[in-house]
Amino acid sequence: MARAGDTLKLGEDRLTFLATSRDTGGSHVEVEVAYAPAVTRPPVHYHPRQREHMRLVDGELRVDLDGRPRTYGPGEEFHVPAGVPHTLWNPGPGRTTVVWRTAPALDTEKVFETLWGLANEGRIATGKPLLHTALLALRFRNEYRLVTGRPFALDMAMCGLLAPLGLACGYRPTYRPPQLTAR
């Protein structure tokens, strides 16, 4: 489990835990993320049971919230309500730093550890192992859902069929990256 001060790396991006679920009694997780300019846009997703609050420290952040684009600058804040599709990225040219609070915490720390760790190692990305993606989608369905254009129940049914094969192939639904270290 992550601790305050632990840092994850994903390419040039850095995520540092400021407050963990353990620190807040499960009320929220707070991280500071330093983004390099985006090479590709992250996928549109939503959090079915959680809301997010973002505060820009420096740089610019491009946000597409429920299909409405907006750019935020230093000192600006915004909220992402539960269930609202969104994506965000640093449009460049400089670095962007965001303080990001997710409430309630649920298993958000494990989401960050798993997704950032596997992506940093090139083990998940668009077109990467479908069997692993199915396990991740099932495991984190309460925290993170990709917008696929299909009904959620259909996505979960497909993932449920693929998950046993993923496990048999050695994939696991969570991951703790070796790079996670307290600073």
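Predicted model: local features only at pLDDT ≥ 70, side-chain atom pairs only at ≥ 80, totals over all residues.

Visitor: At what angle do helix 2 and helix 3 pack, and how far apart are their axes?

Guide: Helices (H or I, at least four residues) and strands (E, at least two) are DSSP runs numbered from the N terminus, and axes are lines fitted to C-alpha atoms, for helices over the stretch in contact, with angles running from 0 to 180 degrees between N-to-C directions. Here helix 2 (residues 108-120) packs against helix 3 at about 165°, with the axes 11 Å apart.

Visitor: Which residues of helix 2 and helix 3 meet?

Guide: Contact means heavy atoms within 4.5 Å. Lys110, Thr114, Leu115 and Leu118 in helix 2 meet His132, Leu136 and Arg139 in helix 3.

Visitor: At what angle do helix 3 and helix 4 pack?

Guide: Helix 3 (residues 130-139) and helix 4 (residues 152-168) pack at an angle of about 120°, their axes being 8 Å apart, and helix 3 and helix 4 are therefore oblique to each other. Among the residues making this contact are Leu131 and Leu135 of helix 3 and Met156 and Cys159 of helix 4.

Visitor: How many bridges join strand 1 to strand 2?

Guide: Two strands pair if DSSP finds at least two bridges between them. Strand 1 (residues 6-10) and strand 2 (residues 13-19) run antiparallel and are joined by four bridges, and Leu8 stands opposite Leu15 in strand 2. Their hairpin has two residues between the strands, and Gly11 takes a positive phi near 60° there.

Visitor: Is Glu52 buried or exposed?

Guide: Buried means under 20% relative accessible area, exposed over 50%, and partly exposed in between, with a 1.4 Å probe and protein chains only. Glu52, which lies in strand 5 (residues 51-58), has 3% relative accessibility and so counts as buried. Leaving aside neighbours within four places in sequence, Glu52 is in contact with several residues, including His47, Phe78, Trp100 and Arg101.

Technical notes
Residues numbered from 1 in each chain as written. Heavy atoms only, no water. Parallel < 35°, antiparallel > 145°, perpendicular 65-115°, else oblique.
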